[in-house]
Amino acid sequence: MRIAILTTLWKRPELSRIVLEYYRDLEIKGVEFVLLAVGSDKESKDLANDCGWSYVKAKNAPLSNKWNAGCETLKGHVDAVLIVGSDDLLNKDYFTEAVKMLQTGQTAVGLDSLHYYSVEDGRCVYMERAYPGAGIMIAAVSLDKVDWRPWQDGVNRRIDGHLMNKMHQEAYPFAYRGIKHGTKAILIDIKTEENIWTFNEMIEMIGRATNVDGAAILDKHFPSIREKLNHLPVRLNNV
């Protein structure tokens, strides 16, 4: 199966480099990855290319248009597109589960839980029933129905909800299923001071947050990442 990993770049080059290199080095049996980043400036292009990613240039706003600009270039080249932010880490178990589900008839796969990790102070929380936009993998058969522009154009905030609404309305039947919490699939959204949504804003908006040991989760699921995070300009406490 040929899967595109699609992301957008905006500020945070040090953190983005960690994430881009993580996916560049990821190997999953039976999967060929196509890596595509969308950015708006030379620095983003240089970063993407340096990390082994292809690059598409697009304006930062509206944000949904930026994502669409990247996705539509993948038409006819991949079997599915995985959406991740340049601060999102998905472990190998996620890919194992997601690929299995697509191969058995799902046209879209995501998660129903996630972790938020704060670079500023090392806090980490776990949220059930959050249904994040990061980690949504959509099959080509569904993307064909929206001409590979799954986001509603002209949107800057809450674009994940707009994507799901558009796909349900225009890509019927859109068979989406979230990987249940309690499985080994893990998503960590790494929050810095330069996120569109801050760590505290996400907790307030979604709620149901449980404090967890972020360092232990990193060690178990992302062993190559912990030391790199320690060298970010704002160092992680307790890591």
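The legends below describe close-up views of a predicted model. Residues are numbered from 1 along each chain as its sequence is written, and side-chain values use heavy atoms, with hydrogens and water left out. In this predicted model, local features need pLDDT of at least 70 and side-chain atom pairs count only at pLDDT 80 or more, while totals for chains, interfaces and linings use all residues.

**View 1. Confidence of the model.** The average pLDDT (the predictor's confidence in each residue, from 0 to 100) is 88, and 88% of the residues score at least 70. Over residues 235-239 the pLDDT is below 50; beyond near neighbours in sequence, this stretch has 17 contacts (heavy atoms within 4.5 Å) in the model.

View 2. Helices (H or I, at least four residues) and strands (E, at least two) are DSSP runs, numbered from the N terminus. Eight of the nine residues of helix 3 are buried, that is, under 20% relative accessible area with a 1.4 Å probe and protein chains only. Among them are Trp67, Asn68 and Gly70. The elements covering these buried residues include strand 1 (2-8), strand 2 (32-39), strand 3 (54-57), helix 5 and helix 6.

**View 3. Leu63 in helix 3.** Leu63 belongs to helix 3 and is buried, at a relative accessible area of 14%. Although Leu63 and Asn156 are 93 residues apart in sequence, their C-alpha atoms are 4.8 Å apart in space.

View 4. Helix 6 comprises the 12 residues 159-170. The expected span (1.5 Å times one less than the number of residues) is 16 Å, and the end C-alpha atoms are 16 Å apart, which agrees. Ile159, Leu163, Met164, Lys166 and Met167 are buried in helix 6. Seen down the axis, the buried residues fall within an arc of 165° (taken from the directions from the helix axis to the C-beta atoms), so they line one face of the helix. They pack against helix 3 (63-71), strand 4 (80-83), strand 9 (136-139), helix 5 (140-143) and strand 10 (176-179).

**View 5. Two nonpolar cores.** A nonpolar core is a set of buried Ala, Val, Leu, Ile, Met, Phe, Trp, Tyr and Cys residues joined through side-chain atoms within 4.5 Å. The largest has 55 residues, and Tyr23, Tyr94 and Phe95 have the most contacts inside it. Not counting residues up to four places away in sequence, the residues that Tyr23 touches include Ile5, Leu35, Trp53 and Phe95. A second, separate core of 30 residues includes Leu63, Trp67, Cys71 and Val146.

Key. Buried means under 20% relative accessible area, exposed over 50%, partly exposed in between (1.4 Å probe, protein chains only).
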